[in-house]
Amino acid sequence: METPARTPFALRHRRAMLAGMALAILALMLAFALVSSGPRLQQFDESVLLALRSGDDFMTVRGPLWIGTVMLDVTALGGSTVVTLVVVLVTGFLCLRRQWLFGGFLTVAAAGGGALSVLVKDVVQRARPSVVPHLVVVDNPSFPSGHSMLSAAVYLALGLICARLATTRARRRYLLAVMLLLVVLVGASRVYLGVHYASDVLAGWLGGAAWTFLCWQLVLWFERERKVVSA
């Protein structure tokens with residue numbers, strides 16, 4: 001009996017699901033490495049933070065003065081206030097266009113990303129960096145970076161939605177690239193400001209991306225089922 005050939009949709013669906021699972025596994029491995037390896041990872045993280053500060057004056061970051069101001073502005077893009085505003089406003093627009101599925105996807109990606117960040121922070125309980133002064137006020141555990149996880153979950157979700165609605169391949173690639181750039185900048189700003197280790201940010205990226213890709217699988221599944229029912 002011949003095995004039916006896989007459709008392009010099924011292949012894309014499987015690849016995306018495997019990518020999401022791989023990111024989730026990497027995030028778990030990083031969390032395990034953080035807990036088990038101890039001094040080695042800590043030394044690496046601290047060396048990154050120290051490399052960004054100037055000489056013996058750890059209050060001064062390397063580079064021109066305007067970079068500090070830029071980083072403060074950029075880091076706000078991953079904060080709960082800005083992200084909530086983005087999600088509410090974009091979801092409202094999607095609902096006006098009757099894109100209920102995409103609106104629900106964005107909301108779930110944001111809520112789940114934020115909840116996962118809080119959950120993992122409470123479990124791991126990693127202290128904030130103390131090797132350099134913080135340039136912004138923080139009051140919760142360090143691992144993972146909440147800004148990095150939330151921005152990865154939300155901006156990647158926005159990128160996927162925009163890419164689906166875009167009419168040309170060039171526009172899809174551009175929109176995805178813009179969202180990825182925002183995610184990278186937010187994560188980098190957290191290390192630059194001395195409030196997160198590099199491994200915190202990496203875990204946030206992996207966790208947020210994994211959650212969004214897994215949520216995207218539900219979107220693809222609903223779309224496929226809707227086409228089957230309407231056929």
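Trainee: Where is Arg98 found?

Mentor: Arg98 is in the loop between H4 and H5. Helices are DSSP runs of H or I with at least four residues, strands are runs of E with at least two, and both are numbered from the N terminus. The model is predicted, so local features need pLDDT of at least 70 and side-chain atom pairs count only at pLDDT 80 or more, while totals for chains, interfaces and linings use all residues. Residues are numbered from 1 along each chain as its sequence is written, and side-chain values use heavy atoms, with hydrogens and water left out.

Trainee: Why is Arg98 called exposed?

Mentor: Its relative accessibility is 64%. Exposed means over 50% relative accessible area, buried under 20%, and partly exposed in between (1.4 Å probe, protein chains only). Arg98 therefore counts as exposed.

Trainee: What is the phi of Arg98?

Mentor: Phi is about 60°, a positive value, although Arg98 is not a glycine. Gln125, also not a glycine, has a positive phi near 55°. Gln125 sits in the loop between H5 and H6.

Trainee: What makes Leu119 exposed?

Mentor: Leu119 has a relative accessible area of 51%, so it counts as exposed. Leu119 belongs to helix H5. From Leu119 to Pro144 there are 25 residues in sequence and 9.8 Å in space, C-alpha to C-alpha.

Trainee: Which kind of peptide bond joins Phe143 and Pro144?

Mentor: A cis bond, with omega about -5°. Pro144 lies in the loop between H5 and H6.

Trainee: Why are H4 and H5 called roughly antiparallel?

Mentor: Their axes cross at roughly 165° and come within 8 Å. Axes are lines fitted to C-alpha atoms, for helices over the stretch in contact, and angles run from 0 to 180 degrees between N-to-C directions. Under 35 degrees counts as roughly parallel, over 145 as roughly antiparallel, 65 to 115 as roughly perpendicular, and the rest as oblique. H4 and H5 are therefore roughly antiparallel.

Trainee: Which residues of H4 make the contact with H5?

Mentor: Val87, Val90, Thr91, Leu94 and Cys95 do, and from H5 the partners include Trp100, Phe102 and Leu106. Contact means heavy atoms within 4.5 Å.

Trainee: Which members of the largest nonpolar core touch the most other members?

Mentor: Phe105, Leu106, Val154, Tyr155 and Trp216, out of 24 residues. A nonpolar core is a set of buried Ala, Val, Leu, Ile, Met, Phe, Trp, Tyr and Cys residues joined through side-chain atoms within 4.5 Å. H4, H5, H6, H7 and H8 each supply at least two residues of this core. H6 gives the largest share, nine residues. Apart from it lies another core, of six residues, including Ile67, Met71, Tyr192 and Leu193.
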